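Hi everyone, thanks for making time. I'd like to walk you through one structure today, so please have the viewer ready.

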Amino acid sequence: KNNDKFHNGSFVFISSPGCNSTSYNPNEFYLAPGSGKTLAEYYCRMYARSYTKYKINVNCVIPGAIKTPPWDVIGQEILD
């Protein structure tokens, strides 16, 4: 049976800065989204390894910081 319909595709995960960065200390205000994004990044790496044989690309996009209240705390930590 031909399974070509499962080849040549793409997955795109979206994450955010600070999840796996060593530049920032852990932040209690970012616990839920940070741990979720870290898990997504891990799955992205695992899927990338697993689906290479099917010519399926798996990428994680981290578009950049968006100013939200947790970044006010992180920004202050960087300045201190």
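A word before we start: what you see is a predicted model.

Let's begin with the fold. The protein has 2 helices and 2 strands, and if you trace the chain from the N terminus, the order of elements is β-α-β-α. There are 80 residues, and 18% of them are buried.

Now find strand β1, which covers residues 10-14, and pick out Phe13 there. Is Phe13 buried or exposed? Its relative accessibility is 18%, and the cut-off for buried is under 20%, so Phe13 counts as buried. While you are on this residue, look across to Lys37. Phe13 and Lys37 are 24 residues apart along the chain, and their C-alpha atoms are separated by 9.2 Å.

Next, move along to the loop between α1 and β2, where β2 is residues 57-61. Lys55 sits in that loop. What is the phi of Lys55? It is near 60 degrees, a positive value, and this residue is not a glycine. With a relative accessibility of 62%, Lys55 is over the 50% cut-off and therefore counts as exposed.

On to the surface. Which residues form a nonpolar patch there? They are Leu39, Tyr42, Tyr43, Met46 and Tyr47, and together they have about 470 Å² of accessible area. Take Tyr42 as our example from this group. Tyr42 belongs to helix α1, which spans residues 31-51. Its relative accessible area is 44%, and since that falls between the 20% and 50% cut-offs, Tyr42 is described as partly exposed.

Rolling a probe the size of a water molecule over the atoms shows where empty space is left. The second largest pocket has a volume of about 150 Å³. It is lined by 12 residues, and the ones closest to its centre are Ser16, Tyr30, Gly64, Ile66 and Trp71. How many residues of this lining are nonpolar, polar or charged? The lining of the second largest pocket has 8 nonpolar residues, 4 polar ones and no charged ones.

Methods
Residues numbered from 1 in each chain as written. Predicted model: local features only at pLDDT ≥ 70, side-chain atom pairs only at ≥ 80, totals over all residues. Heavy atoms only, no water. Patch = residues over 30% accessible without salt bridge, like charges linked within 9 Å, V, L, I, M, F, W, Y side chains within 5 Å. Areas by Shrake-Rupley, 256 points an atom, 1.4 Å probe, with all protein chains shown as cover. Salt bridge = Lys/Arg side-chain N within 4 Å of Asp/Glu carboxyl O. Helix = DSSP H or I, 4+ residues; strand = E, 2+ residues; numbered from the N terminus. Buried < 20%, exposed > 50% of the residue type's maximum accessible area, 1.4 Å probe, protein only. 1 Å grid on protein atoms, 1.4 Å probe; cavity = no way out; pocket = protein on both sides within 12 Å on 5 of 7 lines; lining within 4 Å. Points joined across faces, edges and corners; volume = space filled by probe spheres on them. Nonpolar A, V, L, I, M, F, W, Y, C, P; charged D, E, K, R; others polar.
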